[in-house]
Amino acid sequence: MRLHWNEKIDFLDETHQILEYFASKDIIYGDVAYRNILFNKRTGKAKFCDMDNIFIEGNPIDLVGTTTPLATYNNACGIDEKADAFVHNMLTFQTLGVDFPMYLDDELELDF
C-alpha cells in the first residue's frame with residue numbers, strides 16, 4: 001500500500017479504532033492484514049472486508065496455516081482478547097517499514 005507517512009498513521013489509527021469497536025462487542029478479529037482492509041485515502045476511513053476469521057458468540061476463529069502471526073500467538077497464549085492487538089502490531093511494523101519477522105518461529109517466547 002503506497003501511503004504518505006501521515007496517511008499511514010491515519011490508516012493505523014483507524015484500523016485500531018475499528019478493532020477497539022469490535023472488542024466492545026466481544027469480537028476478536030484475527031486476520032488483520034492489508035488484503036482484508038479497504039482504505040479510502042480521500043476520507044481516511046477503513047473497512048474490514050473479510051469477516052471469516054473472527055471469534056464471535058463463542059464461535060472460534062478459523063486459524064489458517066501454522067506459521068502466521070496469529071497461529072504463533074495462539075500456540076503461545078491461545079486466542080484471547082489480546083490476539084487481534086498482536087496481529088495489528090505486526091501490521092504496524094510492516095506499515096512503518098520496521099524490519100521485524102512477520103512470520104515468527106516456534107522458538108520465540110511470548111510473555112503477555
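**Contacts, core and loops**

Mentor: Among the contacts in the protein with a separation of 6 or more, 57% are between residues 24 or more positions apart; contact means heavy atoms within 4.5 Å. This is a predicted model, in which local features need pLDDT of at least 70 and side-chain atom pairs count only at pLDDT 80 or more, while totals for chains, interfaces and linings use all residues. Residues are numbered from 1 along each chain as its sequence is written, and side-chain values use heavy atoms, with hydrogens and water left out.

Trainee: What is the mean pLDDT of the protein?

Mentor: The mean is 83, and 85% of the residues reach 70 or more. The term pLDDT denotes the predictor's confidence in each residue, from 0 to 100.

Trainee: Where does pLDDT stay under 50?

Mentor: That applies to residues 104-108, for which the model has four contacts beyond four places in sequence.

Trainee: Which order do the elements run in from the N terminus?

Mentor: The order is α-β-β-β-β-α-α, with three helices and four strands in the protein. Helices (H or I, at least four residues) and strands (E, at least two) are DSSP runs, numbered from the N terminus.

Trainee: Which residues have the most contacts inside the largest nonpolar core?

Mentor: They are Phe11, Leu19, Phe22, Tyr29, Val32, Ile37 and Phe48, in a core of 23 residues. Two or more residues each come from helix H1 (5-24), strand E1 (28-29), strand E2 (37-40), strand E3 (45-48), helix H2 (69-77) and helix H3 (83-95). A nonpolar core is a set of buried Ala, Val, Leu, Ile, Met, Phe, Trp, Tyr and Cys residues joined through side-chain atoms within 4.5 Å.

Trainee: Take Leu19, then. What does Leu19 touch beyond four places in sequence?

Mentor: Leu19 touches Tyr29, Val32, Phe48, Asp84 and His88. Leu19 lies in helix H1 and, at 6% relative accessibility, counts as buried. Its C-alpha atom is separated by 9.2 Å from that of Val32, 13 residues apart along the chain.

Trainee: What about Phe22: which residues is it in contact with?

Mentor: Leaving aside neighbours within four places in sequence, Phe22 is in contact with Ile27, Tyr29, Phe48 and Met51. Ring pairs also link Phe22 with Tyr21, Tyr29 and Phe48 into a cluster.

Trainee: How many aromatic pairs does the structure hold?

Mentor: There are seven. One of them joins Phe11 and Tyr34, a tilted pair with 5.8 Å centre to centre and 35° between the planes. Rings of Phe, Tyr and Trp (its six-membered ring) pair if their centres lie within 6.5 Å; planes under 30 degrees apart count as stacked, over 60 as edge-to-face and the rest as tilted.

Trainee: Which parts does the pair of Phe11 and Tyr34 tie together?

Mentor: Phe11 lies in helix H1 and Tyr34 in the loop between E1 and E2, so the pair ties together parts that are 23 residues apart in sequence. Phe11 counts as buried because its relative accessibility is 0%, whereas Tyr34, at 24%, counts as partly exposed.

Trainee: Which residues are buried in H2?

Mentor: Pro69, Leu70, Ala71, Thr72 and Tyr73 are buried in H2, and what covers the buried residues of H2 includes H3. After H2 comes Gly78, whose phi is positive, near 80°.

Trainee: Where does Asp26 lie?

Mentor: Asp26 lies in the loop between H1 and E1. It has a positive phi of about 60° although it is not a glycine, and at 60% relative accessibility Asp26 counts as exposed.

Notes
Buried means under 20% relative accessible area, exposed over 50%, partly exposed in between (1.4 Å probe, protein chains only).
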